[in-house]
Amino acid sequence: MAGGPSRALLDEIASRPGRDTFVSSVIKGAFITLSLLFLAALLFAPLITVFATALSKGFEMYFNSFADPDTIAAIRLTLITAAIVVPTNTVFGVAAAWAIAKFEFKGKSILITLIDLPIAVSPVISGLIYVLLFGMQGWFGLWLQEHDISIVFALPGIILATMFVTFPYVARELIPLMQQMGNDEEEAAITLGAGGIMTFFHVTLPKIRWGLLYGVILCNARAMGEFGAVSVVSGHIRGLTTTMPLHVEILYQEYNFVGAFAVASLLTLLAVLTLIIKSLIEWRQKT
Amino acid sequence: MSSFRQPSILPGFGLTLGFSVFFLCALVLIPLAALVMKTATMGWDDFLNVLFDPRVLASFRLSFGASLLAATLNGIFGFVIAWTLVRYDFPGRKLIDALIDMPFALPTAVSGIALTAVFAENGWIGEHLAPFGIKVAYTWIGVVVALTLIGLPFVVRSIQPALVEVQRDLEDAAETLGAGRFTIFRRIILPTVTPALLTGFTMAFARGVGEYGSVIFIAGNLPMKTEIAPLLIVIKLEQFDYVGAAAIGFLMLVISFVMLLSINLLQTWGRRRHVAAGR
Amino acid sequence: MNLSPSLRTAFVTLLSILTLAGCGSSDDKSVTLLNVSYDPTRELYRDFNEDFARQWQQQTGQRVTIKQSHSGSGSQARAVIDGLDADVVTLALAYDINSIQEKGKRLGANWQTRFPNNSAPYTSTIVFLVRKGNPKQIRDWPDLVREGVSVVTPNPKTSGGARWNYLAAWGYELHRQLGDWSKLDDPANAAQVEEAQASAERFVGEIYRHTPVLDSGARGATNTFVQREIGDVLIAWENEALLALKELGPDKVEIVIPSITILAEPPVAVVDTVVDRRGTRQIAEAYLQHLYSDAGQELAAKHYFRPRKPEILAKYGELFPTLPTFTIDEVFGGWSAAHAKHFADGGVFDRIYQAGAQ
């Protein structure tokens, strides 16, 4: 039970002789209250605002918002982008985490820091660097134009910027986890004659699956929600290069608050997806 | 290779490291080199002028200060939340767990607009704070609030797997041996969670420094007061001053890099010590 | 080499998508145009594009699809400089199109003379939006700096509209001091003009000291004023104020017309390098010409831009009351000069805030 403790274990701990159950429950109550208060002010209140605005003119208006062809185009573009970015960054993340967590080598801290770097880069700059490379005034601008290839202000630019922004997430989630676990089990498997692939899938993967899942979820959420970097490279062509976040901004700018927040609320469906995947893994683990 | 790394019987070092470094170069380092090259086209005098411009300094103070404060808040509350979600069962736990990623999935502009709506003087929370003279929206506090929301998933999602994997039997063993609650926390839980907590803190901090979309809605954006560094980059760009924008971006990058590197070195050092003590 | 097959697949997919998406094709029967514009024209061009496409097909039998891009005027100009292939640009300020010309070399230096009226087919002015019933009794510019009045205006550094606001306020004070624009060009009045300019700087500085929030764009400022209920008065484009009145509720806000204001001329231009490469010059020029036609002027008026044609302006006289205006050329010597003096780094706007902080 990784998502939470099992009932049985909780009962067992509670019924253990000598355990001060009163103090325990006070601590538990305090932790839950504190968590809920913090989340209520910071997370739930804005989320409720989003839904309240999206539904302020009734369900019909809410669902009508999704019939707009530009909205559909935006959703499609976001899905395509995430479908390319997330798997690529997951492969990278696993490879990087394996190299960094399983081996000791010089310059490791620098490598980790370089992987962290995109998080620290302001989204505006994340977009700008690709304009500096591939824009008309940039290094490859003229060459690209002569060969009639567009990167910025087209899909490739959007994908590159999104990939840059979400680059560290899977790796960063896995590295501390894999370091903490140590190499003993993998070493044992290899000594017993297992191959690299088998060791990874049968020994390492089961141990890191929660970290991997969180990494993928974060990466995906960020890929779908990224605004700043994509805004710089998108060109804002309606129905063509506007992703969901950009489309939300367009609708908001048009005073279409219902439509804007309806599209935004769609992104909260990702939470439902998270819920389903987690339940699925827990369920598979039990059987 | 052998002097470069310590020997190990595990396979795949060359492949995984090679791929990681290649991908890192292609996607991150070469584009960032473009930023550095752009900055390099400006003379030293101009660069120092950008660096010591009072407005730039004021915006750096706000961006780095607010990010540090937000990351600290997240470190504390993120731990409490992760602990609550992993260790306790209560109605709605799973839903709340799933909602933690929302600050990532919501476009930053939406988070900013929604937070401003909640914390403005006519908002649900803002109207209860106003009588006490506390203004959140359009002040530096608003910046901290936005950055805390943006950074929250980093901390919670980093600590969660570590807490899950904390060896429960080790705890049980300690308990049967009669160790007190605080001792268990200090000797067993904290050391295991610290690397993940530091990672989460670092990422929340780093993200906060560069954040633009959500902050501009809630900050007020008054020069010298509530103007964040990324806004200055945008302002430079609006004047077609690519070099000036690149210079500010480069400065932020260097400061962030040094801070990230220090924390990562600290972690590596801490882990070595931990491993050494364990053996 | 356990990971390589999946890696290779990922890379091949990536590459094929990168190359595929780069190449577009179009058949001879239909043509596409890209109009890169600024934020407040969204509604106007949605209707106008439809009208033009219909008229073009009737005239030539060719089908045309017009793609629209909207964002802040400055960032749109930057996108065109960096290679966004706009056939036409319809932006907020001549300064932005000048930049496309100077920095991107994408159109001729004489662009502003190619279409009538300084290449600005419609105009707007700067007005005030106040709360319903005008509780703070705001009638004219001096009321903005009265004790207890708080003003919302976007950041001139990031918003084209905000620059018009700033210049309108500056022009008001200048005019109040001088009484007559002709004194500006007369060397005999140099001392008086200098005095008046200093007074204008103090006046504009005072307005910004009454400003609690500087949003990054005009619509952001409108939302702060109407939704968040911040401030007593919003300085806004006339077209934006009229639209806000319609969209956000006449029960919440009303418009106040100041005694004198600036004539904002949002210009349009054909991007030479793009239309020549794409072979769309003829249709791009027809598209912009259509803005000057009766139909185009009617649509502009419907979307709250002041039409140039006197008879159509008169028809919508109720919306657009006549008021004394001045232009950027006569008072500020054109956009380049105005920008260098006021909005560039270290300019007057920066001074206002640096002084305030010390």
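This is a predicted model: local features need pLDDT of at least 70, side-chain atom pairs count only at pLDDT 80 or more; totals for chains, interfaces and linings use all residues.
View 1. C:Arg219 forms a salt bridge with C:Glu43. Their closest N and O atoms are 3.5 Å apart.

**View 2. Helices α2 and α4 of chain C supply residues to the domain 1 side that touches domain 2.** Helix α2 of chain C covers residues 42–60, and α4 of chain C covers 94–104. Each supplies at least two residues of this side. Which helix gives the most? It is α4(C), with three residues. The residues of this side of domain 1 of chain C divide into seven nonpolar, two polar and three charged.

**View 3. Domain 1 and domain 2 of chain C bury area between them.** The domain assignment gives domain 1 of chain C as 30–120 + 266–292. Domain 2 of chain C is 124–264 + 322–357. Their C-alpha centres lie 28 Å apart. In domain 1 of chain C, 12 residues are in contact with 13 residues of domain 2 of chain C. The two domains bury about 980 Å² between them. Carbon and sulfur atoms carry 62% of that area. Three residues stand out on the domain 1 side: C:Pro40, C:Leu93 and C:Tyr95 supply 52% of the area that domain 1 of chain C buries against domain 2 of chain C, more than any other three residues.

**View 4. Chain B is in contact with chain A.** Here 107 residues of chain B are in contact with 110 residues of chain A. The area buried between chain B and chain A is about 9900 Å². Carbon and sulfur atoms give 76% of it. In chain B, the residues that lose the most area to chain A are B:Leu10, B:Leu27 and B:Arg181. Together they make up 7% of what that side buries.

**View 5. Polar contacts link chain B and chain A.** How many salt bridges does the rule find across the interface of chain B and chain A? It finds zero. The rule does find 10 residue pairs in polar contact across this interface. On the side of chain B that touches chain A, helix α1 of chain B (residues 13–40) provides the largest share, 18 residues. The residues of that side of chain B divide into 70 nonpolar, 19 polar and 18 charged.

**View 6. A UniProt feature lies on chain A.** An unreviewed UniProt entry places "domain: ABC transmembrane type-1" at residues 75–282 of chain A. Over residues 75–282, chain A is 79% helix and 0% strand. The end C-alpha atoms of this stretch are 30 Å apart.

Terms used. Residues are numbered from 1 along each chain as its sequence is written. Chains are lettered from A and ligands numbered from 1 in the order in which they are written. Side-chain values use heavy atoms; hydrogens and water are left out. UniProt positions are given in the numbering used here, feature names are shortened, and annotations may be inferred rather than shown by experiment. Helices (H or I, at least four residues) and strands (E, at least two) are DSSP runs, numbered from the N terminus. Domain bounds come from an automatic or database domain assignment. Contact means heavy atoms within 4.5 Å. Buried area is the accessible area (1.4 Å probe) that two parts lose on being put together, summed over both. A salt bridge is a side-chain nitrogen of Lys or Arg within 4 Å of a carboxyl oxygen of Asp or Glu. Ala, Val, Leu, Ile, Met, Phe, Trp, Tyr, Cys and Pro count as nonpolar, Asp, Glu, Lys and Arg as charged, and the others, Gly among them, as polar. A polar contact is a pair of N or O atoms within 3.5 Å; within protein, one must be able to donate a hydrogen and the other to accept it, and residues adjacent in sequence count only if both atoms are side-chain atoms.
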